[in-house]
Amino acid sequence: MLKISVKTFEEMNTAELYDLLQLRSEIFVVEQDCVYQDLDGKDQKALHIIGTKNNRIVAYTRIFKAGDYLAQASIGRVVVKEGERQHGYGVAIMTASIKAVEEQFKETSIALSAQTYLKRFYNSLGFIEKGGEYLEDGIPHVMMVRG
């Protein structure tokens, strides 16, 4: 079962920070074979949505209030550990992220930069495409908005 917590940067301990950075690197750098600057100086402003199973981080996003990253509230760095994707944790972590944006930031309009191959997944959560496809770190993306 996935346990979800919402934490500020300051509320995370060093082990949690290490684990979530390791997971992001495992997915975005190694699995997707993409060299990019993950440590972008924005984690300190974000709220971190952390999904754990057996005391290990297996799902994660970070969320921002309007103006801290994009013009509107946003969700980013959406990851689910490769061996855990069959359990629906992507939907669980995104649902928790949407709820956190609504409750913590009092926002209903949420944007995200989605990898194009995941459009259907985000559509199923109420996000719709805004604009055309673009490359981000060499990977096709599309801007999507909910609400």
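1. A quick definition to start: two strands pair if DSSP finds at least two bridges between them. Strands (E, at least two residues) and helices (H or I, at least four) are DSSP runs, numbered from the N terminus. With that in hand, Gln 115 has His 141 in E7 as its bridge partner. The antiparallel pairing of strand E5 (residues 110–115) with strand E7 (residues 139–146) runs over six bridges.

2. A word on the model: it is predicted, with local features needing pLDDT of at least 70 and side-chain atom pairs counting only at pLDDT 80 or more, while totals for chains, interfaces and linings use all residues. Residues are numbered from 1 along each chain as its sequence is written, and side-chain values use heavy atoms, leaving out hydrogens and water.

3. Now the sheet. It is open and mixed, with seven strands in the order E1-E2-E3-E4-E5-E7-E6. Strand E1 (3–8) and strand E6 (127–136) are the edges, each pairing on one side only.

4. Phe 121, Tyr 122 and Phe 127 are linked into a cluster by ring pairs (centres within 6.5 Å; planes under 30 degrees apart are stacked, over 60 edge-to-face, the rest tilted). Tyr 122 and Phe 127 count as edge-to-face because their centres are 6.1 Å apart and their planes at 80°.

5. Phe 121 is partly exposed at 24%, whereas Tyr 122 is buried at 5% and Phe 127 is buried at 1%.

Conventions. Buried means under 20% relative accessible area, exposed over 50%, partly exposed in between (1.4 Å probe, protein chains only). Rings of Phe, Tyr and Trp (its six-membered ring) pair if their centres lie within 6.5 Å; planes under 30 degrees apart count as stacked, over 60 as edge-to-face and the rest as tilted.
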